[in-house]
Amino acid sequence: MAVAIDAERSFTESLEHRLLDIENGERIRACLQCGLCSGTCPVGYLMDFPPHKMIAALRAGMFEEVLSHDSIWLCVSCHACADVCPAQIPLTDGLMTVAKEEMVLAGNTPVELQDALEKSQRYGNPLGESPRRRAAWVEKAGIDVPVMRELRRPVEALWFVGDYASHHPRAQLATVALAKVFRALDVDFGILGAEETSDGDSQRLAGERGLFEMLADKNAKALSQYEFGEIVTADPHAYNAFLNEYPGLDIAYPTRHYTQFLADNLDRLRPLLTGRIDATVAYHDPCYLGRANGVYEQPRRLLEAIPGVTLVEMRHTRQASLCCGRGGGGMWLDGFLWEKGRVRPSEWRVSEAVDAGAEILALACPYEAPRFEDATKTVAGAGDLIVRDIAELLVEAMDG
Ligand code: SF4
Ligand code: SF4
């Protein structure tokens, strides 16, 4: 028995050392056990060990007990806990991610997540699509979308399109719309096409650090062949990876989310918005654009520039926004979340949009439209709610 307790202690100590290696990881020792993290967590009530209990277990030298429960996979890496922690402990990127890495190492991974991770490794994207089809959406665009390999000259903006924006049929509609906006603004841009690989940010948050580094390395090799002024992306996880994670791997490029890029070009964009969208619009802040990286105003400025739009706020907004349930591997854990808690976070959000009187739910993340559109079919009173990416709304307004 003493041997078992010693083994548990030494496992906990080695895990604590890994946490201490993370930026600001030493703050974990300053935990007040106030429980704010767990109380704020949208799925904390379903977890056997929500964040504050995980820290208590760490202190008690019994972290293996935490890892013997699979409810950590309910965590959608939404940053809500880290954001409210008075001790500024890196909970999302630190505690939760390291614990998930341990779960992956132990092979304790839900089947659907394992499948997405294997597809990421094999095909360079979690959907299992052929890498050669990465730019297949261009055929749907019906406009010229330059590919860097064919362009063979420097461009102002390299558009990193991302996994879902490239491959998912619903997300592709927003991708095509953004291409049209870039074209209308005469932006000098190019895409990597088949040379682009998953940014790997969600795989990292789902506990697959090694896979993340492998994917980042592939992107670094592709990017190093070309000259460009900056990276622009519509994918908040790609944005987060280029902004916060890739620099640690010596991959550093100036990067903007497309809403930042367009808001900075609003003087040129506004005269093109000749049509009206007479509607009440609620904007959903994606976790990795808003809470994780502080981009709140630019998407709203774009929406307010559309003639006829009346912007309203949902109950949870900006820093307190509710997660759509897709971040940090959540998009690969639909079945698990439903089985464990009978919850679909996207339905909570759609209910809030209905309560706010919105006719349109506006988005700035390619993961969200399919999920929210599904939710409009199941949430009472949401049947008429229209789900649109901001780029799609801009094109509608440009078309008059
Ligand atoms: S919010 Fe921070 S200080 Fe409070 S219990 Fe959670 S981790 Fe500890
Ligand atoms: S990151 Fe979000 S889902 Fe995960 S523990 Fe924190 S609040 Fe909960």
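**Exercise 1. Find which element gives the largest share of the shell around ligand 2.**

Step 1. This is a predicted model, in which local features need pLDDT of at least 70, side-chain atom pairs count only at pLDDT 80 or more, and totals for chains, interfaces and linings use all residues. Residues are numbered from 1 along each chain as its sequence is written, while chains are lettered from A and ligands numbered from 1 in the order in which they are written.

Step 2. Ligand 2 is surrounded by 15 residues, where near means a C-beta atom, placed from the backbone, within 6 Å. Cys41, Cys75, Cys78, Ala80 and Cys81 are the closest.

Step 3. Two or more residues each come from helix 5 (80-84) and helix 6 (91-105); helices are DSSP runs of H or I, at least four residues, and strands are runs of E, at least two, numbered from the N terminus.

Solution: helix 6 gives the largest share, 3 residues.

**Exercise 2. Determine how the buried residues of helix 20 are arranged around its axis.**

Step 1. In helix 20 (residues 368-378), the buried residues are Glu368, Ala369, Arg371, Phe372, Ala375 and Thr376. Buried means 20 or more other C-beta atoms within 10 Å of the residue's own, exposed 12 or fewer, and partly exposed in between, with C-beta atoms placed from the backbone.

Step 2. These buried residues fall within an arc of 165 degrees seen down the axis of helix 20, so they line one face of the helix. The arc is taken over the directions from the helix axis to the C-beta atoms.

Step 3. Lys377 and Thr378 are exposed, on the face of helix 20 turned away from its buried side.

Solution: the buried residues of helix 20 line one face.
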